[in-house]
Amino acid sequence: ALIAAAVPEFACLADALAADPDGRLFDAVDIMVPSFLVDGVDMHERVTLEALAARRHVLLEKPVTVTPEAAERVAAFHATTAPSRVLAVAENAQFWPEVLAARACLERGDIGELLSVHAKFWESATGEWAGDYAEGSWRCDPGKLPAASFTYRAAAPKSRFWGN
């Protein structure tokens, strides 16, 4: 309780950045707002650019952005505005037992060279995130998420999972 009382609270990132322009209070931001469009603006893109412009490290929860073009803008802004800051995507799939087992098979040479990965993950209809995928939810609204949700189904080069 003593620690919580000493930690300031802010209504939004802009207020926190204004109160800490030199980054002495915090030097990193975890972007956890929903990734969808508000008045045509990608929320993940907007908040990420705001944090990078203030020279903060950014952990960006997935999905990164709602369109590939927005993701390219984020990457370009990072490279030109805050290249010394870390921009990372919160992804934990590379630590799942089934992914580690597949990697071990590759490293032992049990299967041929991996060129890409296609994964589909399933969650219970009553699971923790089930409401996010219900009809009418933001993940199923093409006006808010035009690229649809790519959290649970994706195809990617192997670097997406193993970073090489």
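Accessible areas here come from the Shrake-Rupley method with a 1.4 Å probe, and for residues only the protein chains shown count as cover. This is a predicted model, in which local features need pLDDT of at least 70 and side-chain atom pairs count only at pLDDT 80 or more, while totals for chains, interfaces and linings use all residues. Residues are numbered from 1 along each chain as its sequence is written, and side-chain values use heavy atoms, with hydrogens and water left out.

**View 1. The whole protein, with its surface and its order of elements.** The protein exposes about 10,500 Å², and 60% of this area is supplied by carbon and sulfur atoms. Six helices and seven strands make up its secondary structure; these are DSSP runs numbered from the N terminus, helices being H or I with at least four residues and strands E with at least two. Their order along the sequence is α-α-β-β-β-α-β-α-β-α-β-β-α. Of the 164 residues, 27% are buried. Buried means under 20% relative accessible area, exposed means over 50%, and partly exposed lies in between (1.4 Å probe, protein chains only). Among contacts with a separation of 6 or more, 66% are between residues 24 or more positions apart, a contact being heavy atoms within 4.5 Å.

**View 2. Strands β1 and β4, side by side.** β1 covers residues 28–31 and β4 covers residues 57–61; the two run parallel and are joined by four bridges. Two strands pair if DSSP finds at least two bridges between them. A28 has H57 of β4 as its bridge partner, and D30 has L59. In β1, V29 and I31 form the covered face, whereas A28 and D30 form the uncovered one.

View 3. Strand β5 (residues 87–90) pairs with β4 in the parallel sense, over four bridges. V58 stands opposite L87 of β5, and L59 stands opposite A88.

**View 4. Backbone exceptions in three loops.** Most residues other than glycine have a negative phi, and most peptide bonds are trans. The K62 to P63 peptide bond is cis, with omega near -5°, and P63 is found in the loop between β4 and α4. D39 is not a glycine, yet its phi is positive, at about 55°. D39 sits in the loop between β2 (37–38) and β3 (41–42) and is exposed, with a relative accessible area of 80%. R55, also a residue other than glycine, has a positive phi near 60°. The loop that holds R55 lies between α3 (43–53) and β4, and R55 is partly exposed, with a relative accessible area of 43%.

**View 5. An arginine over a phenylalanine ring.** R56 lies over the face of F26, at 4.5 Å from the ring centre. A charge sits over a ring if NZ of Lys or CZ of Arg is within 6 Å of the ring centre and within 35 degrees of the ring normal.
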